[in-house]
Amino acid sequence: MATNVFVSYDHDDQNQVNGFKALKDNPNHPLDFHDHSLKEPVLDKAGKPIKYPPNDPRSQPVRDEIKAKFDRASKLVVLIGERTNTSDWVEWEINTFFTMKLALSKQNTWKRIRGMKLKGSDNAAVPHALMNGRSTKPMVWDPDGLDKWLEQNPDG
């Protein structure tokens, strides 16, 4: 049964992320998940994408939309590229997901979060929020291994 997942990433890596998400639609690949990530940017009243950092009050509609997606996701996958560790949004997503799932999973919350380095980013720095017991060990590009992790019960 496919796991409900939110995929967090730096938007500079959009092309590789699209390729990753396409794997789940490939019948010859075992990776299977329901993607609960944002499909389109959140727009302001003028119809323009909201592009403020997460600590800016003007980004509240984006934060609210992401939190609604987190409610439906049981796991968070962080795709790590060369600059992901500098993304305020990725840090916010990891920390917020962890906090939201804490009541559900308590001491096992870290088992719901996994970082995976994108192809060619084996030496990329891991976002700080993935450290200090807040996630499983980040992995290098391994969609098959990620699929096995997705199938594991984080509360078991």
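Author: Happy to! Let us start with helix α4, residues 143-151, where the buried residues are Pro 143, Gly 145, Leu 146, Asp 147, Trp 149 and Leu 150. Here buried means under 20% relative accessible area, exposed over 50%, and partly exposed in between, with a 1.4 Å probe and protein chains only. Helices (H or I, at least four residues) and strands (E, at least two) are DSSP runs, numbered from the N terminus. Please keep in mind that this is a predicted model: local features need pLDDT of at least 70, side-chain atom pairs count only at pLDDT 80 or more, and totals for chains, interfaces and linings use all residues. Residues are numbered from 1 along each chain as its sequence is written, and side-chain values use heavy atoms, with hydrogens and water left out.

The buried residues of α4 pack against β1 (3-8), α1 (14-23), β2 (33-35), β3 (75-80) and β4 (113-117), where contact means heavy atoms within 4.5 Å.

Phe 20 lies in helix α1 and Trp 141 in the loop between β4 and α4, so their pair ties together parts that are 121 residues apart in sequence. Phe 20 counts as buried at 1% relative accessibility, while Trp 141, at 25%, counts as partly exposed.

Across the whole structure, a search finds 5 aromatic pairs. Rings of Phe, Tyr and Trp (its six-membered ring) pair if their centres lie within 6.5 Å; planes under 30 degrees apart count as stacked, over 60 as edge-to-face and the rest as tilted. Phe 6 and Phe 70 have ring centres 4.8 Å apart and planes at 80 degrees, so this pair is edge-to-face. Phe 6 belongs to strand β1 and Phe 70 to helix α2, so the pair links parts 64 residues apart in sequence. Both Phe 6 and Phe 70 are buried. The pair of Phe 20 and Trp 141 is edge-to-face too, at 6.2 Å centre to centre and 75 degrees between the planes.

Phe 6 and Phe 70 also form one aromatic cluster with Phe 97. That brings us to a helix contact: Val 62, Arg 63, Ile 66, Lys 67, Phe 70 and Asp 71 in α2 meet Trp 89, Trp 92, Glu 93, Thr 96, Phe 97, Met 100 and Lys 101 in α3.
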